[in-house]
Amino acid sequence: MQNQPRTDDATNRRLWRLVGPVVVGGTIAGLWSLWHVADYDQLAAYMTIPIALMIASGFVLIEIRVRSMTVSGAPTAAVLTVATAFLPPPMVILSALCGWFLNQLAHRRTDPMKTSFNVAKETLAATATTFTAAAFGVRPILLHDDVSLASLIPGMVLGAVAYALVDELVAQGLFAIVTHTPYRQRLLAHWNALTISRIGQLGVAIATVAAYQVSKWLLLVLPPLVLAIHLASASRVKARQGNEAWQRLAEATDEFNSVDQTAVLYAAVRRAADLFSTDEVEVEIHPPTGEPRLVRSNGREILFDGIPLDAPTADGFMIPIALESYRGDADLGELRLRFRGPVKLSERENYTLRTFAAALCTAIRNAATHAETQRLAESHARAAAQDPLTHLANRRRLQQYGDEVLSSTGPGSGIVGVMLIDLNHFKEVNDTLGHAAGDRVLTTVAERLVDAARPGDLVARFGGDEFAVILAGLSAPALAEVRAHAILDALAPPILLDDMRISVEASCGVTTAGSGSIGELLRRADVAMYQAKQEGQRVVVYAHARDTADVGSLTLGGDLARAVAERQFTVNFQPIVDLASGQVIAAEALTRWHHPDRGDLAPDRFLGAIERSGQLAAFADAVLDQALLAASLWSDAGHTIPVAVNVSARSLLDPSFPDAVARRLGARGVPSASLIIEITESVTLSKLEVVDDVLAALRDQGIRLALDDFGTGFSSLATLARVPVDELKIDRSFVAAMNTSAPGAVVRSTIDLGRSLDLLVVAEGVEREEQRQQLWELGCPAGQGHLFARAMPADRLLAALRRGGGALAAPLHDTGAVIRMSRSRRTRRAGAGEPGQEWST
């Protein structure tokens, strides 16, 4: 942000427009009074007492600091009201002028403008008081012997009112200009306490006159009375100031709830200027990462925002305070209050400043934490959407993009084509030249595919030597084949590897559609690609008549009703194990269709058909019933093991689903805590508004929720923020590639995220003992995979539990063994020591 022009000159001009007329008016009043003094011989004798009282009143001030200046209030009204009853107007005015001038000298006021303004204001107020009193029948007692108290009271009351009006209108005008607050707001500030004080002073003035007429000696008791009333009023004003200060502090810290660092810093400098009545405020921070930053404001606008070295030099008196937490650590920078002149903060202001700085430090740390969370979210999104070797989109990203372009098809949007490319004889490259050479070939192929693609196309790597291309916006289906040949032509030039020329050949399957699902298009492209490899052709376009798998899926759809009725769907259970102890802590239900003609079918062969049919609710109920029956069997045998059941996204769109789950739990006599519902990130779950009620109802029953395949979705953290899950499951693809940079980062970040949110993290696809050891050292508490057990029927799992005493693997460390733990594991324990410390387990 560029430096903004300062507006102090404009403020000074407004001040002079007020101060000038007041000083001129006071001067005129003083000259008039000198000109109209009737008896100069009595001047000194009559004015000695009121002048002395004026000077004394200045030592019992109510002081309020406004920026670099202190505005004071004294019990002058009582003195002037009494003087009006005893002296003629010229002498009253001269008493006020001389008395207040000597008062300013006694307080060593050195600023000519402030001194002139204060003396002139009191002179004008005295002029208004005495002329008003005289106009309403007040005759000076010292000049007339027949004056009664009753004749003085109306004039004295109205004179006191005139003094209050002039004093408040002029003084609060100054306040409004200096603080840049509305004039009406300043007039209403502390009005009740000040009104009580002025009424008390008027009462003392009337009592003084009455006492004088009774006995002059009674006047001795009146000064302490005036002082007591004034101090009581001062106490009320200070108490109100304190309450307002705490209210403004609460309002200021409320604005620190933003997670945007700029919003926090801007709120801090603006609020601090108002809270501590400064001329300028600046905050300088030195974050652990990134450049230092300085923000400066005068309370109305931001004067500077940038690198501290680039900031213009600020003059004046400065009060700094370090930005540190309530415990005194985590010094992030400094908050500075700047004034034009020297200022000493009160004890309350110092405490408020320390509280404000600590709250600001916390807000800055929260903003930094949010920024880091966003960075992790972006990192997760990149890792979940990118192939680590070629940096192309991966399968998940391609599916997400494919759904987007298919859902956006309409008039003028064109047709979507999908190419599935498989490199021929690629295994020979790896076997002959090594995997490093194979990786170079894959990288070169990826670059050529990207160069041959057009804007709007997406190139992805599916793993191994398989690539896919989404062709968006085709004007006719026939163009897909033309584009496929053109893209494969880009692979024709030989690739140079260590002085060897490698020719790359590929087989490609192509399909097109104007709508539908990307999964179905990929399946069709895969069918076409398989035909291309079988027939030795370079490009084959999908033909429905040759798709035996598609014909088979239609047959499966007709068999679903009978399959549900005859309980052809069987459920096996894969245990979830505590990585450290090897104890089974849960089991995941995995469904198979035992088809009488086709044998056992995996879920990916029939789930799509079930979702498109009317059998989803019956299928889900049958699977849930078998899972709960297994949980009941294990519980009766003394093994309380929760069972996790995967739920289709379409089931979450059914408002009656929670009731169906509750009925099934009651029928099997299984507590709700023994059931875990696993949900996946999908297009349906990205629109969580429609499933919020279903998820809330499940949670209200005490059912735990697990987010399956975490990290593979395009909006994992967004889903996690909306869905109140209890568990995160790391996808097996990240566990398998854990030693590479991107998948490893996803695994570590997910474990750290789960720990910070107090969620159970389960790693899927644990196949080797070294993976188990590595995951445990990273802080992952649980895992499942073939290392521990494959999916098995409920009775077989129970037998395994009995044999192992509830464990399916040996513990990582014997009881009492001394091991060296990684820093990430140690810091999870309370009272973790220094790096390198040994622990007993």
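Visitor: Is strand E19 mostly enclosed or open?
Guide: This is a predicted model. In it, strand E19 spans residues 675-680, and five of its six residues are buried, so the strand is largely enclosed by the rest of the structure.

Visitor: Which strand is joined to E19, and by how many bridges?
Guide: Strand E18, residues 643-646, is joined to E19 by four bridges, and the two run parallel.

Visitor: And what stands opposite Asn-646?
Guide: Glu-678 of E19 stands opposite Asn-646.

Visitor: Let us turn to helix H13. Which residues are buried there?
Guide: H13 covers residues 426-433, and Phe-426, Val-429 and Asn-430 are buried in it. Viewed down the axis of H13, the buried residues fall within an arc of 95 degrees, so they line one face of the helix.

Visitor: What does the face turned away carry?
Guide: That face of H13 carries the exposed residues Lys-427, Asp-431 and Thr-432. On the buried side, the cover includes strand E8 (415-423) and helix H14 (435-452).

Visitor: What follows H13?
Guide: Gly-434 follows H13, and its phi is positive, near 100 degrees.

Visitor: A new topic: which residues form a nonpolar patch on the surface?
Guide: Phe-101, Leu-102 and Leu-105 form one, with about 260 Å² of accessible area together.

Visitor: Where is Leu-102, and how exposed is it?
Guide: Leu-102 lies in helix H4, residues 89-106. Leu-102 is partly exposed, with a relative accessible area of 35%.

Methods. Residues numbered from 1 in each chain as written. Predicted model: local features only at pLDDT ≥ 70, side-chain atom pairs only at ≥ 80, totals over all residues. Heavy atoms only, no water. Buried < 20%, exposed > 50% of the residue type's maximum accessible area, 1.4 Å probe, protein only. Arc of directions from axis to C-beta. Contact = heavy atoms within 4.5 Å. Patch = residues over 30% accessible without salt bridge, like charges linked within 9 Å, V, L, I, M, F, W, Y side chains within 5 Å. Areas by Shrake-Rupley, 256 points an atom, 1.4 Å probe, with all protein chains shown as cover. Salt bridge = Lys/Arg side-chain N within 4 Å of Asp/Glu carboxyl O. Pairing = 2+ DSSP bridges.
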